[in-house]
Amino acid sequence: MLLPDPRPPRRVSLRRRPAVALESPLEGARSKLQGMSPPLRRDGSAVPAPPLTPLMAVDLEDERLKRLNALGHFLDNSIRIPGIDYRVGYDAVIGLIPGVGDLIGFALSIYIVLAATRYRLPASAVLRMVLNVGLETLLGTVPLVGDLFDATYKANARNLDLLRAHLAVRTQGGAPPSDLRFYAGLFLALAGILALTALMLFSLTRALQSLFGS
């Protein structure tokens, strides 16, 4: 037979215990490091912390410029002609392909110009590059004469020289190269084209007048 327990029953407390803030392992390690005192010399002065070794940054611009130089060398100066010590590129060879040769060379030249614009060149330099490519492409459509012009004018090499000149000035902090000669030449070329067009129209008009007037 079970006898009743003479002790009074326990009262169960329904009050919530205060929440204990849990400290993350990172914060705990940080607080321990902040609480530690720096190592001291014998004279009581603090030992200086060793300097942090900087991370070596990869210069992507140099790698991109190397690829552009390699492409320009392939297109304009990769083939050495024995005996005369003169170099030509595969741009002139590709131009010999009927129909698509000039288009392939034009696309590769435009790629160099577009890649050069990533270096934030001035508008005058980009205009000179576009005109170099346009002149070479326009005259390159003439059979045989255009191929000879491609081999001697070398628009891609000229454009890369412009790019390197502006990058060198930007690195050294000097004055940018002057575009006065370029604009003067462009003005003279446009004036010559306009004068030649006017002369051809005048000659055509005189020829039609003499033909129908008689």
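Throughout these legends, a residue is buried under 20% relative accessible area, exposed over 50% and partly exposed in between, with a 1.4 Å probe and protein chains only. The model is predicted, and local features need pLDDT of at least 70, side-chain atom pairs count only at pLDDT 80 or more, and totals for chains, interfaces and linings use all residues. Residues are numbered from 1 along each chain as its sequence is written, and side-chain values use heavy atoms, with hydrogens and water left out.

**View 1. Asn132 in helix H5.** Asn132 is found in helix H5, where helices (H or I, at least four residues) and strands (E, at least two) are DSSP runs numbered from the N terminus. With a relative accessible area of 12%, Asn132 is buried. Leaving aside residues up to four places away in sequence, Asn132 touches Tyr153, Ala155, Arg158, Asn159 and Leu162; contact means heavy atoms within 4.5 Å.

**View 2. The packing of helices H4 and H5.** Helix H4 (residues 101-116) packs with helix H5 (residues 123-140) at an angle of about 175°, and their axes are 10 Å apart. Axes are lines fitted to C-alpha atoms, for helices over the stretch in contact, and angles run from 0 to 180 degrees between N-to-C directions. H4 is therefore roughly antiparallel to H5, a term for angles over 145 degrees. On the H4 side, the contact involves Asp102, Phe106, Ser109, Ile110, Val113 and Ala116; H5 contributes Met129, Val130, Val133, Glu136, Thr137 and Gly140.

**View 3. Ala115 and Arg64.** Ala115 lies in helix H4 and is buried, with a relative accessible area of 7%. Although 51 residues separate Ala115 from Arg64 in sequence, they are 8.5 Å apart in space, C-alpha to C-alpha.

View 4. The buried residues of H6 are Gly146, Asp147, Phe149, Asp150, Ala151 and Tyr153. These buried residues pack against strand S2 (86-88), helix H3 (90-94), H5 and helix H7 (155-172). Val145 also lies in helix H6 (residues 145-153), but counts as exposed at 53% relative accessibility. Lys154 follows H6 and sits in the loop between H6 and H7. Lys154 is buried, with a relative accessible area of 11%, and its phi is positive, near 55°.

**View 5. Arg120 in the loop between H4 and H5.** Arg120 is placed in the loop between H4 and H5. At 74% relative accessibility, Arg120 counts as exposed. The phi of Arg120 is near 55°, a positive value in a residue other than glycine. Most residues other than glycine have a negative phi.

Note on methods. Angles under 35 degrees count as roughly parallel, over 145 as roughly antiparallel, 65 to 115 as roughly perpendicular and the rest as oblique.
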